[in-house]
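Q: Please take me through one part of this structure closely. Which residues sit there, and what do they touch?

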Amino acid sequence: MKNKKFEINTKTMTYMAIFAALQIVLEYLTQFTPTMPQGGNVAFSLVVLMLCSYLMGACYGIVVSLVCVGLHFVLGLATFYGALSVIFDYLLPMAIVGMVGFIPLIKIKNFDLPIGIIIVMILKTICHLISGWYAFATPLQANLAYNVPYNLATLVACFVLFVILYPRLKNTIK
């Protein structure tokens, strides 16, 4: 299904809607994971956006990610702390997660290893650090102590889930 050209038709819109719906449902389940006081948790729901980006293409992943940001605010899953927080805590990190499909998978024996997930999660963490610095005026050490643990746990969860789910889905979604 991975298209070089971004094309909206019934099939792609259906897949995009399914990925967005799955991400939102899993986002509700993240409420059962440990949560930081001002937001941030083990967001294993991001694996859906990563799967979308790798299976359909990065352009589709970005669109689905940004649609999910809007849905998070509409459904009360996101908190408004100001314009900088919206940009650096929601829009930019989710768009970066959607871009993971631009980074090719590394084939090792029979496994497709998503090295892009590591890169994307580092960039996502940097966005949250920038938000903490500018939007919340948090010193660097406190900012790192706040953002790194849940982003690292999200990285591990998404990496493991991706390695399990991707081989089963890549042959199904064509």
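A: The answer starts with the whole chain, then moves to one part and its surroundings.

This is a predicted model, so local features need pLDDT of at least 70, side-chain atom pairs count only at pLDDT 80 or more, and totals for chains, interfaces and linings use all residues. Residues are numbered from 1 along each chain as its sequence is written, and side-chain values use heavy atoms, leaving out hydrogens and water.

First, the setting. The protein chain has six helices and two strands (DSSP runs: H or I of at least four residues for helices, E of at least two for strands, numbered from the N terminus). From the N terminus, the order is α-α-α-α-β-β-α-α. The C-alpha trace spans about 45 × 35 × 30 Å along its principal axes. The radius of gyration of the protein chain is 16 Å, which agrees with the value near 16 Å for a compact globule of 174 residues (taken over C-alpha atoms; the rule is 2.2 Å times the number of residues to the power 0.38). Buried residues make up 43% of the 174 residues (buried is under 20% relative accessible area, exposed over 50%, partly exposed in between, with a 1.4 Å probe and protein chains only).

The structure holds seven aromatic pairs (rings of Phe, Tyr and Trp, for Trp the six-membered one, with centres within 6.5 Å; planes under 30 degrees apart are stacked, over 60 edge-to-face, the rest tilted). In one of them, the ring centres of Phe73 and Tyr90 are 4.9 Å apart and the planes stand at 70°, so the pair is edge-to-face. Phe73 belongs to helix α3 (residues 58–74) and Tyr90 to helix α4 (residues 83–98), so the pair ties together parts 17 residues apart in sequence. Phe73 is partly exposed, at 28% relative accessible area. Tyr90 has 17% and counts as buried.

Stay on helix α4, where Leu91 is also found. Leu91 is partly exposed, with 36% relative accessibility. Setting aside residues up to four places away in sequence, Leu91 touches Leu66, Val69 and Val86. Leu91 and Cys127 are 36 residues apart in sequence, yet 9.8 Å apart from C-alpha to C-alpha.

Next, step past the helix. Leu105 sits in the loop between α4 and β1 (106–108). Leu105 is partly exposed, at 21% relative accessible area. Beyond neighbours within four places in sequence, Leu105 contacts Tyr54, Asp112, Leu113, Pro114, Phe162 and Tyr166. Three of those names return elsewhere: ring pairs link Tyr54, Phe162 and Tyr166 into a cluster. Leu105 and Ala43 lie 62 residues apart in sequence and 22 Å apart in space, C-alpha to C-alpha.

Lys109 is in the loop between β1 and β2 (111–113). Its phi is positive, about 55°, although Lys109 is not a glycine. Lys109 is exposed, with a relative accessible area of 75%. Ala137 lies in the loop between α5 (115–134) and α6 (140–170). Ala137 also has a positive phi, near 50°, and is not a glycine. At 63% relative accessibility, Ala137 counts as exposed.

Notes
Contact means heavy atoms within 4.5 Å.
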